[in-house]
Amino acid sequence: LERMKERWLSSKINMETTPQEKTTNRMQFRCMDWCCVGDDDDCNHPLFDNQEFNLVLDKSTLDCTLCSDRSTAGLIKLIHDHLAIGGFYVVISFHDAKQLLMPMLQDCPGTKWKVSHQVITRQVE
C-alpha cells in the first residue's frame, strides 16, 4: 500500500502542474482496513465518517471473504455505510461476475445499487 500511495502522490504532483489543478487537487488517497472498524483499540487508522468515500476499489478482498461464513456480509455492509451517495464500488475479481457477484450485489438488502459488469481481457505477449 505504501508503494501505491507513493505512485499516486507522484502522479498527483505531476497533475497539479497542469491546467487541470482545480479538479485533481481534491482527490485524496485514503486506506481503510475493513477488519478494523469501530472503537477497537488495535486500530491504527482514524475512524472514517459514513458516506465519506466516492470510490471504493476492491482488488480481491470480496473474493477472500467468500471463503468465510460471515465476512462477506460484513464487508458489503461496511462498504455500503462508507460509500458516498452516487459513489462507485469497483470490484476486481476472478470469480464469475454474472453468476455470483452481480446477483449478490444487486440483491443485497438495503443497498439499491446499480450493478454493471465489464470484462477486461489480459493481453499476454
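Here is a short chat about a few residues and helices in this predicted model.

Reader: Hi! What should I know before I start?
Author: This is a predicted model, so local features need pLDDT of at least 70 and side-chain atom pairs count only at pLDDT 80 or more, while totals for chains, interfaces and linings use all residues. Residues are numbered from 1 along each chain as its sequence is written, and side-chain values use heavy atoms, with hydrogens and water left out.

Reader: Thanks! Where is Thr-65?
Author: Thr-65 sits in helix α3, residues 61–65. Helices here are DSSP runs of H or I with at least four residues, strands are E runs of at least two, and both are numbered from the N terminus.

Reader: Is Thr-65 buried or exposed?
Author: Thr-65 counts as buried because its relative accessibility is 3%. Buried means under 20% relative accessible area, exposed over 50%, and partly exposed in between, using a 1.4 Å probe and protein chains only.

Reader: New topic: how many salt bridges are there?
Author: The count comes to one salt bridge, meaning a side-chain nitrogen of Lys or Arg within 4 Å of a carboxyl oxygen of Asp or Glu. Lys-77 pairs with Asp-81, and their closest N and O atoms are 2.6 Å apart.

Reader: How far apart are Lys-77 and Asp-81 in helix α4?
Author: They are four residues apart in helix α4 (residues 71–82), so about one helical turn separates them.

Reader: And which residues of α5 are buried?
Author: In helix α5 (residues 97–106), the buried ones are Ala-97, Leu-101, Met-102 and Leu-105.
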